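Subject: A structure for you to look at

Hello,

I am handing over a structure for you to explore. Have a look at it first, and then read my notes below.

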Amino acid sequence: MARERFRKHINKLENEMMDLGCTVSAAVGRAISALKDRDVDAAKKIVDDDMIINRKRWETEENCINLIALQQPVASDLREIIAIMNIITDLERIGDYAEGVAKIVIMLGKEPLVKPLADIPQMADKGLDMLNRSLKAFIERDSDLAAKICDEDDEVDKLYEKTYHELLSCMIGKPDTITNATYLIWASHNFERIADRVTNICERTVFLVTGSMQKINVSKY
Amino acid sequence: MKFKTSIETFDLNLFYGDFQALKNISMKIPDKNITAIIGPSGCGKSTLLRCFNRMNDLVEGTRLEGRLVIYNDERLGNVLSPDIDLIALRKKVGMVFQRPNVFNLSIYDNLRFGLRIHRMLSKKDEILAEIQNSLEHVGLWDDLKDKLSKNARSLTLEQQQRLCIARVLILKPEIILLDEPCSALDPMATLKIEELLRILRNDYSLVIVTHNMQQAARVSDYTGFLYIGELVEFGETTQVFTNPKEKLTENYITGRFG
């Protein structure tokens with residue numbers, strides 16, 4: 001096969017993207033645990049580690065740019081590099097949402113919560129599961145799975161809506177819970193956004209496989 | 001794909017003796033656009049191009065089947081038929097080759113040559129006006145207007161290739177065929193010729209054969225991919241180079257074979 005070296009570079013890009021994906025997925029998992037356990041030390045570590053995610057994203061983006069400049073990719077090769085460039089941006093942003101949750105854990109400290117977390121971890125776990133499967137769909141070039149994952153964003157939106165209204169009721173009933181409840185709304189909003197970013201990743205997989213750029217699921221939020 | 005058609009072929013077959021070099025080619029070349037023909041060496045790119053002005057007749061044992069019409073011109077008829085008026089055809093369909101093939105004559109005489117063959121114009125001032133017009137078209141007039149008596153072979157390769165294009169333009173063709181027009185040129189001259197082609201596209205239909213896929217991607221509006229004598233895919237260049245319909249095209253343009 002011609003262009004062996006080029007193929008190796010593309011495979012390397014894909015590996016780098018998956019490595020970033022694993023790091024981001026771990027960060028989201030750690031943020032969920034830190035929130036559940038109210039673990040401020042773990043949260044601080046997540047905030048510090050976001051630098052690693054940012055660095056990996058910049059490195060991969062630079063490698064994408066170099067490959068475009070030097071190898072003039074076309075067709076599915078070009079679509080793959082463009083897809084990777086977009087996905088690493090979404091992954092990096094998901095990392096920021098994990099960092100955002102970690103900062104909320106730090107702000108909450110050991111204060112008792114206004115209500116049990118209830119739906120927030122469920123929503124976060126759903127988003128994390130969608131993220132892991134979106135990466136699998138990319139690697140396996142499974143556009144059907146990618147489209148299905150996009151539809152699952154509705155479940156996350158519903159959980160977010162429920163959490164939001166419950167926390168608003170808390171605030172209305174007991175104004176002294178406003179600060180604490182606002183933090184939890186922020187945390188749940190971060191998790192809701194993670195699922196939205198996952199739909200972007202899935203859309204890139206559909207683009208890679210079919211060549212068609214389309215919004216598959218428009219999030220309510 | 002909706003466009004006005006310049007050249008249309010219907011089940012075009014070409015044989016060199018027993019060897020079939022082109023197989024059932026049915027395609028439409030759009031008017032006032034650049035169409036690139038790409039494909040691996042020996043796939044029939046140049047052979048197809050040469051059908052458009054019947055240059056293959058020079059190869060012994062060539063046999064043509066099918067139909068080829070230009071601007072649906074009934075008076076000209078089927079370009080593939082043996083009794084077509086070749087002089088009229090080649091005036092309509094000009095050609096530029098790989099290496100600039102200027103004659104060992106002055107710049108002026110190079111340009112006047114075709115006019116004389118086709119018995120066009122005889123008054124000196126009319127001839128000069130046309131020479132100026134064609135040289136302006138290819139961006140050479142300002143550099144050469146005072147050197148028309150200089151031998152054309154003293155020009156740079158890029159200028160020579162521009163002169164060859166001017167020599168085609170002076171005959172007022174409708175279609176210009178270009179067979180690897182930049183393969184003898186350096187990268188900068190190549191880009192300049194490509195810019196010229198983009199300008200000519202406003203007034204002429206251009207068909208370019210190139211083994212340089214990046215050139216096809218840069219310069220053309222439509223691309224046809226030929227493989228072992230068959231037209232595998234024809235489409236808008238943007239589509240062919242970002243999302244080809246055929247796996248064979250995909251494999252070729254991404255360098256998986258060829």
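**Loop residues in chain B**

Asn72(B) is exposed, because 9 other C-beta atoms lie within 10 Å of its own. Here is the rule behind that word: a residue is buried if 20 or more other C-beta atoms lie within 10 Å of its own, exposed if 12 or fewer, and partly exposed in between, with C-beta atoms placed from the backbone. Asn72(B) sits in the loop between β4 (62–70) and α2 (86–92) of chain B. Helices (H or I, at least four residues) and strands (E, at least two) are DSSP runs, numbered from the N terminus. Although Asn72(B) is not a glycine, its phi is positive, about 50°.

Lys172(B) also is not a glycine and has a positive phi, of about 55°. Its place is the loop between α6 and β6 (175–179) of chain B. With 16 other C-beta atoms within 10 Å, Lys172(B) is partly exposed.

**Before you go on**

This is a predicted model, where local features need pLDDT of at least 70 and side-chain atom pairs count only at pLDDT 80 or more, while totals for chains, interfaces and linings use all residues. Residues are numbered from 1 along each chain as its sequence is written, and chains are lettered from A and ligands numbered from 1 in the order in which they are written.

**Chain B as a whole**

Chain B has ten helices and nine strands. Its C-alpha trace spans about 55 × 40 × 35 Å along the principal axes. Of its 258 residues, 42% count as buried.

**The cores**

Which residues have the most contacts inside the largest nonpolar core? They are Ala166(B), Ile175(B), Ile176(B), Leu177(B), Leu206(B) and Val207(B), in a core of 71 residues. A nonpolar core is a set of buried Ala, Val, Leu, Ile, Met, Phe, Trp, Tyr and Cys residues joined through C-beta atoms within 7 Å. Helix α6 (residues 157–169) of chain B gives the most to this core, with six residues. Apart from this core lies another, of 58 residues, including Ala31(A) and Leu159(A).

Leu177(B) touches Leu49(B), Phe52(B), Asn53(B), Val93(B), Gly94(B), Met95(B) and Val207(B), leaving out residues up to four places away in sequence. Two residues are in contact if their C-beta atoms, placed from the backbone, lie within 7 Å.

**Helices to look at**

α6(B) and helix α7 (residues 187–200) of chain B pack at an angle of about 20°, and their axes are 10 Å apart. The axes are lines fitted to C-alpha atoms, for helices over the stretch in contact, and angles run from 0 to 180 degrees between N-to-C directions. α6(B) and α7(B) are therefore roughly parallel to each other (angles under 35 degrees count as roughly parallel). Among the residues making the contact are Leu157(B) and Ile165(B) of α6(B), and Ala189(B) and Leu196(B) of α7(B).

In helix α3 (residues 107–117) of chain B, Ile107(B), Asn110(B), Leu111(B) and Arg112(B) are buried. The buried residues of α3(B) pack against α4 (124–137), α5 (141–144) and α6 of chain B. After α3(B) comes Arg119(B), with a positive phi near 55°.

Chain A has its own helix α3 (residues 75–108), where you will find Asn86(A). Asn86(A) counts as partly exposed, with 16 C-beta neighbours inside 10 Å.

Enjoy exploring!

Notes. Parallel < 35°, antiparallel > 145°, perpendicular 65-115°, else oblique.
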